[in-house]
Amino acid sequence: GHMRWLPVCAVICAVICAANSEDEGHKFFEHRSFEAGNFFVCDQESAASVPSGKIPIIIESESSRVFGSEGHHTTILGLKFLQRYVKKGQKVLDYGTGTGIQAIAALKLGAESALAVDIDHEAVEVCGSNGMLNKVQNLEARLAQNVDGTEGPFDLCIANILPGVLIDLAPHLALYLKPGAQIGLTGLKKRDIVNIKRAFEQQFTFAEEHIELTEDDAHLPDWSSKWGDQTGWVLLVATRTSSNVDKSEMSAHAHDREYTHWAASALGHGLLSSAGQAERRLSRVGLGSGSGSGSESGAGAGAGPEIKASLEVAQREFAMYGAKIRELKPRERHALEQDHHIQTLLTTIFHREPQMMNLTIQKHFPWLL
């Protein structure tokens, strides 16, 4: 359950992410931009050097605090999907928007409008700012808790989220799309395909082929030291059928897995810096102690009681894990960050494989128990 793996996940995320401060995001944009098909994604300073024939997407440098700014492989896959499937005049849904790259790309390809959705209120703000930088029209960014389906139906959807969250959201995304609409599902790897298809097959028909990275994407940075194994990412393409959505399967807390992952990551970021850093990140999704539940910034109102209870348990237990990490000498801590077994452990946590997670901890990190 959440209570068992949340504290451990927080520790591992801390070890992985501590070296990746916001300054690292700025360094990324100082030295490189990235391409995806016909798109060229860059910051304002690089906007003057867009290669001929490429469609520019300008992302503010401060976006480094939001997923998508650094050209993660799934962002590339999403852009390729949009380039292939967007048609002029469409109404597009970007679910899990991050920096808003996908929504902006859809509008630049001729979509009539785009709704960008995220659980992170900073992502919603950044998406709006990036929309203005790119001078696109009819871009709306909204918190996930404030989306109820009345905004649709949509002609096209790109959803780049964790596999477990996609599974929980399957009936919701089906409700938002009109029959015949296409959806691109990414944030997943080949090993996730069977479970994703099982969750979506009642309301969607999957294309035989899926989108993967190719040799043309060899310029992408190697994020393996940062996010674990970066091979095997895939985007599935499906078409919404005319079948009805069973609303009894729609959970009021469909984002619980996403809130759980966010809470763990937030505690991890704060482990080697300060409790204030963890609190700030928790507040971004309305889980902080000072977050309101009735306002737009109170995103945590969408989180179920189990998530909030898990967070309380994790915070109580966290003192023990934090003490063990802080006891490490700088050289030991650096070695831990570089240990490839950490990547294995992170992967098992992300894909909710508790048996493998516990085996990895017992064999390689028994001091965490």
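Trainee: How far does the pLDDT go, on average?

Mentor: This is a predicted model, and the protein averages a pLDDT of 75, with 59% of the residues scoring at least 70.

Trainee: Okay, on to helix α7. Which of its residues are buried?

Mentor: In α7, which covers residues 193-200, the buried ones are I193, I196 and F200. Seen down the helix axis, the buried residues of α7 fall within an arc of 70°, so they line one face of the helix.

Trainee: And what do the buried residues of α7 pack against?

Mentor: They pack against helix α6 (163-176) and against the strands β8 (177-189), β9 (204-206) and β10 (233-240). On the other side of α7, V194 and R198 are exposed.

Trainee: You mentioned β8, and K189 is in that strand. Is K189 buried or exposed?

Mentor: K189 counts as buried because its relative accessibility is 6%, which is under the 20% cut-off. K189 is also 9.9 Å from L236, C-alpha to C-alpha, although the two are 47 residues apart in sequence.

Trainee: Switching to salt bridges, how many are there?

Mentor: The count comes to 5 salt bridges. One of them joins E35 and K54, whose closest N and O atoms are 3.5 Å apart. E35 lies in strand β1 (residues 34-36) and K54 in the loop between β2 (39-42) and β3 (55-58), so the pair ties together parts that are 19 residues apart in sequence. E35 is partly exposed at a relative accessible area of 29%, and K54 is partly exposed at 24%.

Trainee: Which residues are linked in a network of salt bridges?

Mentor: E140, R142 and E151 are linked in that way. The closest N and O atoms are 2.4 Å apart for R142 with E140, and 2.7 Å apart for E151 with R142. Both E151 and R142 are buried, whereas E140 counts as partly exposed at 37% relative accessibility.

Trainee: Last one, how many disulfides are there?

Mentor: A search of the whole structure finds 0 disulfides. As for cysteines, C42 counts as buried at 0% relative accessibility, and C127 counts as buried at 0% too.

Note on methods:
Residues are numbered from 1 along each chain as its sequence is written. This is a predicted model: local features need pLDDT of at least 70, side-chain atom pairs count only at pLDDT 80 or more; totals for chains, interfaces and linings use all residues. Side-chain values use heavy atoms; hydrogens and water are left out. Buried means under 20% relative accessible area, exposed over 50%, partly exposed in between (1.4 Å probe, protein chains only). Helices (H or I, at least four residues) and strands (E, at least two) are DSSP runs, numbered from the N terminus. The arc is that of the directions from the helix axis to the C-beta atoms. Contact means heavy atoms within 4.5 Å. pLDDT is the predictor's confidence in each residue, from 0 to 100. A disulfide is a pair of cysteine sulfur atoms within 2.5 Å. A salt bridge is a side-chain nitrogen of Lys or Arg within 4 Å of a carboxyl oxygen of Asp or Glu.
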